[in-house]
Amino acid sequence: MMTMTPHSLALVLSTTGDIESATMIANQLIAERLAACVQITGPLQSVYRWQNSVETATEYRLMIKTSLHCWERLRDRLKQLHPYDEPQIVMLAIDDAVDGYRQWVINETLS
């Protein structure tokens, strides 16, 4: 296992309720160089408990590729941009990646 450094990569997961919000967030994160790539998948069904009630919602998943160097700024910006009161914002540190891909993500997110 490699040591995590600011030049390590991260995958950030979030969901939104509509494709327009997902696309707006993706474009903004790329424009601000907080992400190298954002993949949007969906629609998908989410079942969850919210305020003591079981809810079902159609959502779109954002898979945000970034560097650990950007994680805190990305997290804070995603909170600002997100339409949900309590958005899912989960960061998964990436232990390893091929060198060319790693360098591309680092180059795109180190401004």
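**Salt bridges, a pocket and a patch**

At 38% relative accessibility, Asp76 counts as partly exposed. That label has cut-offs: buried is under 20% relative accessible area, exposed is over 50%, and partly exposed is in between, with a 1.4 Å probe and protein chains only. Before I go on, a word on the model. It is predicted, so local features need pLDDT of at least 70, side-chain atom pairs count only at pLDDT 80 or more, and totals for chains, interfaces and linings use all residues. Residues are numbered from 1 along each chain as its sequence is written, and side-chain values use heavy atoms, with hydrogens and water left out.

Back to Asp76. Which residue forms a salt bridge with Asp76? Arg75 does, with the closest N and O atoms 3.3 Å apart. A salt bridge here is a side-chain nitrogen of Lys or Arg within 4 Å of a carboxyl oxygen of Asp or Glu. Arg75 is partly exposed too, at 25%. Why do such pairs form? Side chains of opposite charge can pair when their charged atoms come close.

The rule gives four salt bridges. Another of them joins Arg33 and Glu108, at 3.9 Å, N to O. This pair links distant parts of the chain, 75 residues apart: Arg33 is in the loop between α1 (19-31) and β2, and Glu108 is in helix α3. Helices (H or I, at least four residues) and strands (E, at least two) are DSSP runs, numbered from the N terminus. Arg33 is partly exposed at 32%. Glu108 is partly exposed at 29%.

Next pair: Asp96 and Arg102. Their closest N and O atoms are 3.4 Å apart. Asp96 is exposed at 59%, whereas Arg102 is buried at 13%.

Now the surface. Val98, Tyr101 and Trp104 form a nonpolar patch, with about 290 Å² of accessible area together. Patch residues have over 30% relative accessible area and no salt bridge; like charges are joined within 9 Å, and nonpolar side chains (Val, Leu, Ile, Met, Phe, Trp, Tyr) within 5 Å. Areas come from the Shrake-Rupley method with a 1.4 Å probe; for residues, only the protein chains shown count as cover. Val98 sits in the loop between β4 (90-94) and α3 (99-109). Is Val98 buried or exposed? Exposed, at 61%.

Last, the largest pocket. A pocket is an open set of points on a 1 Å grid over the protein atoms alone, where a 1.4 Å probe fits, with protein on both sides within 12 Å along at least five of seven lines; lining residues have an atom within 4 Å of a point. Fourteen residues line the largest pocket, and Tyr48, Trp50, Glu59, Tyr84 and Glu86 lie nearest its centre.
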